[in-house]
Amino acid sequence: MQDYIFTLECAERPGITHAVTGALLTHGGDIKELKQFDDQSTQQLFLRIDFSVSDEPGNGVEALRTDFEAIGEEFGATWQLWPQGEKRRVLIMVSKFEHCLNDLLFRARVGELPIEIAAVVSNHPDHRELVEWHHIPFFRIPVTKETKPEAEAKLLELVDRFEVDLVVLARYMQILSDDLARELTGRAINIHHSFLPSFKGAKPYHQAWERGVKTVGATAHFVNSELDEGPIIAQQLVEVDHAFTPEDLVAAGRDAECKALSNAVKWHCDGRVFLSGKRTIVLR
Ligand SMILES: Nc1nc2c(c(=O)[nH]1)N[C@@H](CN(C=O)c1ccc(C(=O)N[C@@H](CCC(=O)O)C(=O)O)cc1)CN2
């Protein structure tokens, strides 16, 4: 037996879940977990099923793919099916602050994240030793206003060369051009070091200190051309108080940033995150 993940989204109408679960039953599928959400604001249905089925040639999953093709046609649905445990290929981008990079490297190494880190790209040389200790290729791509187009072309060449499924901006502090953000739509996640929509842009902890906040936070979101406006995937909060300096806020926020980003990466790579306009649906 082999476990598979099936995801589907389509315009809501009666009978979709019945059609999918009926096909599973017909071909010996055993459902381990089923989560769905019917978004009343958009009339869209989102469905995720974790199931096991015989992977003997010529039965189970091959017959299921045929049925899922027919169901996709009937309901105008977008669907995906892949073996559970199949790792997504990830390229991480980092600048000077390495806590999120370090956290992802560790969680991938111990198998907590269903990812293979194919490469790390940075506009600074600082973290080459850390990355190469993990036997992962490190590429330094310096960026200036003048060289940004060339730098982004080099990045896209690496995305293609390493067959990258997901780009993770782990405190990468350069703004991606509109063209690059568009190219990476739905497959680039950024960690912003504030509880968005508060404190967008540069130095959010300093902005928060000026405002006298009593909590700081972190937000993992898809990247789009609107800085820090991409659909939110995961967030974390930390209590602080009047005695915290801006530097204390930076330190207090580190773990929240790591947790929000690793949650977003795990949920996305497990097929739990669906884009719905400016929002996400996360079937956790
Ligand atoms: N197209 C996008 N690119 C990036 C996003 C995004 O949401 N869309 N998020 C940032 C990360 N970030 C906050 O999380 C951030 C990074 C950099 C700056 C910034 O203003 N940096 C420089 C300007 C650098 C440049 O012009 O490229 C500065 O400090 O002036 C703000 C927020 C990653 N990229």
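**Close-up views of a predicted model**

**View 1. The whole chain, sized up.** A compact globule of 284 residues would have a radius of gyration near 19 Å, and the protein comes in at 21 Å, which agrees. Keep in mind that this is a predicted model.

View 2

View 3. Zoom in on strand β5 (residues 88-94) and strand β6 (residues 115-122), which run in the parallel sense and share seven bridges. To get your bearings, find Met93 and look across to β6, where its bridge partner is Val121.

**View 4. Helices α1 and α2, packed together.** Helix α1 covers residues 16-26 and helix α2 covers residues 60-75; their axes are 10 Å apart and the packing angle is about 165°. An angle over 145 degrees counts as roughly antiparallel, so that is how α1 runs relative to α2. The crossing of these two, α1 and α2, is right-handed. On the α1 side, the contact uses Ile16, Ala19, Val20 and Ala23. Facing them from α2 are Leu64, Asp67, Phe68, Ile71 and Phe75. Sort the residues of this α1 and α2 contact by class and you get eight nonpolar, no polar and one charged.

**View 5. Helix α3 across helix α8.** Next up are helix α3 (residues 99-109) and helix α8 (residues 246-269), whose axes come within 9 Å and cross at roughly 45°. At that angle, α3 and α8 are therefore oblique to each other. Their crossing, α3 over α8, is right-handed. From α3, the contact takes in His99, Cys100, Asp103, Leu104 and Arg107. From α8 come Arg254, Glu257, Cys258, Leu261, Ser262 and Val265. What is the class make-up of the contact of α3 with α8? It has five nonpolar, two polar and four charged residues.

**View 6. Helix α7 against helix α8.** Helix α7 (residues 204-211) packs with α8 at an angle of about 120°, and their axes are 9 Å apart. That makes α7 and α8 another pair to describe as oblique to each other. The crossing of α7 and α8 is right-handed. Look for Tyr205, His206, Ala208 and Trp209 on α7, which meet Pro246, Leu249, Val250 and Gly253 on α8. By class, this α7 and α8 contact splits into six nonpolar, two polar and no charged residues.

Terms used. Residues are numbered from 1 along each chain as its sequence is written. This is a predicted model: local features need pLDDT of at least 70, side-chain atom pairs count only at pLDDT 80 or more; totals for chains, interfaces and linings use all residues. Axes are lines fitted to C-alpha atoms, for helices over the stretch in contact, and angles run from 0 to 180 degrees between N-to-C directions. Helices (H or I, at least four residues) and strands (E, at least two) are DSSP runs, numbered from the N terminus. Angles under 35 degrees count as roughly parallel, over 145 as roughly antiparallel, 65 to 115 as roughly perpendicular and the rest as oblique. A crossing is left-handed if the near helix is turned anticlockwise from the far one by less than a right angle, and right-handed if clockwise. Two residues are in contact if their C-beta atoms, placed from the backbone, lie within 7 Å. Ala, Val, Leu, Ile, Met, Phe, Trp, Tyr, Cys and Pro count as nonpolar, Asp, Glu, Lys and Arg as charged, and the others, Gly among them, as polar. Two strands pair if DSSP finds at least two bridges between them. The radius of gyration is taken over C-alpha atoms; the globule rule is 2.2 Å times the number of residues to the power 0.38.
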